[in-house]
Each structure stands twice: as C-alpha cells, then as structure tokens.
Amino acid sequence: MKIKVLSDSTCDLSDELIHQYDIGIIPLIVMKNEEEFVDGETITPADIFSHVAAGGSLCSTAARSVATFQENFAKYAGDYDGVIHVNISSDFSSSYQNACVAAVEFPNVRVIDSRNLSTGQGHIVMKAVELSKTMDDLDAIVEALEDYVPRVEASFLLDRLD
C-alpha cells in the first residue's frame, strides 16, 4: 500500500528527515507583532528565537484555510492509496478542524490530531512513516496512531511568560 504522510510545519522535523522520508509539509502562518509570515518560507525558527531573545513578544500560529488543506490533499490523494495528515493539537489551533473539513472530500485522506506540537508532533509523524512502511491497511495505521498519540507528550521550559 502506498501511503503519503503529511504534517503541518509545527512538527519541527529536520530538513534531512523530511527529505529522507518524503514527508509533505503544510506551513502554518506565524504571527509576529500582528504581521503574518509563512512558517519556513518567510520566517524561520531562528528569526522567531532572535525576535523573542531581543525582547519581542512571543509569536503565535494561525491555521491554514480549508482550501489550503484541500489543495494539499488533492496533490496526493489521486497518486496514493492513502494520505495521513498529522496535525498540530486541536487544543492549540483550529488547523485540525480545517483539515478535517477538507478531508471529507477525499475518501483516502485521514487526519490525526497529534495532541502535541513541535517534537511531540514530530514523533507522531515519524511513527506514521514507520507504520506506513510496515502495515498495509490505512484504517489500521490510523488506529495504531490514535493508540500511540496519548503516549507522546512534549514539554518546554520557558524563561519568560510574557
């Protein structure tokens, strides 16, 4: 079974892993001082870290539209037996909801709520890659991922709370 694994950009996987495993990335929008940037395209993590280190406010993300998810799912749904999109936690963004709405149009697209962000989400993406190579049933892969999600938790230390 040929499976394509996608994620939004908050999975924070290295370029090497993304290329090695051919993971599709849908960049989220990063908000910095009321200005919109495309994650990984018009702003990088280094830009964000520098901004915050210089005393700037913490950046936030904004969900991509249903149409953006539909465009991305359409790129792969016809060429693959299944598409699995691992999304930033629904607790942090409406991105998951938008991806679910978009996926309705594609019978072979499944959306996973990572219940994480950053490296926690990245672990789930890599588990999706692993399962897509060892299992041959899309819904069984999704079930295994949904069992895996509660066992992954990422934590962060912050030196400021503004």
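Q: What makes two strands pair here?
A: DSSP has to find at least two bridges between the two strands. Strands (E, at least two residues) and helices (H or I, at least four) are DSSP runs, numbered from the N terminus.

Q: And what kind of model is this?
A: This is a predicted model, in which local features need pLDDT of at least 70 and side-chain atom pairs count only at pLDDT 80 or more, while totals for chains, interfaces and linings use all residues. Residues are numbered from 1 along each chain as its sequence is written, and side-chain values use heavy atoms, with hydrogens and water left out.

Q: Start with the open sheet of 3 strands. What order?
A: The order is S4-S3-S5, and the pairing is antiparallel. Strand S4 (35–38) and strand S5 (60–62) are the edge strands, and each pairs on one side only. From one strand to the next the twist averages 40°; the axes are lines fitted to C-alpha atoms, for helices over the stretch in contact, and angles run from 0 to 180 degrees between N-to-C directions.

Q: How many bridges join S3 to S4?
A: Strand S3 (residues 29–32) is joined to S4 by 4 bridges, and the two run antiparallel. Opposite Lys32 stands Glu35 in S4.

Q: Now the open sheet of 4 strands. Which order?
A: S2-S1-S6-S7, with parallel pairing.

Q: How many bridges join S1 to S2?
A: 3 bridges, and the two strands run parallel. Leu6 has Gly24 in S2 as its bridge partner.

Q: What about S1 and S6?
A: Strand S1 (residues 3–8) pairs with S6 in the parallel sense over 5 bridges. Val5 is opposite Ile84 in S6.

Q: And S6 with S7? How many bridges?
A: S6 pairs with strand S7 (residues 109–113) over 5 bridges, in the parallel sense. Val111 in S7 is the bridge partner of His85.

Q: How many residues of S6 are buried?
A: In strand S6 (residues 82–87), 6 of the 6 residues are buried, so the strand is largely enclosed by the rest of the structure. Buried means under 20% relative accessible area, exposed over 50%, and partly exposed in between (1.4 Å probe, protein chains only). Gly82, Ile84 and Val86 point one way from S6, while Val83, His85 and Asn87 point the other way.

Q: What do S6, H4 and S7 make?
A: With helix H4 (residues 95–103) between them in that list, S6 and S7 make a right-handed β-α-β unit. Right-handed here means that, with the strands pointing away from the viewer, the path from the first strand over the helix to the second runs clockwise.

Q: Where is Asp91?
A: Asp91 is in the loop between S6 and H4. Asp91 counts as exposed, at 55% relative accessibility. Asp91 and Asp113 are 22 residues apart in sequence, with 9.3 Å from C-alpha to C-alpha.

Q: Which charged end sits over the ring of Tyr80?
A: That of Lys2, 4.7 Å from the ring centre. The criterion is NZ of Lys or CZ of Arg within 6 Å of the ring centre and within 35 degrees of the ring normal. Lys127 likewise has its charged end over the ring of Tyr148, 5.1 Å from the centre.

Q: How many disulfides does the structure hold?
A: 0 disulfides, where a disulfide is a pair of cysteine sulfur atoms within 2.5 Å.
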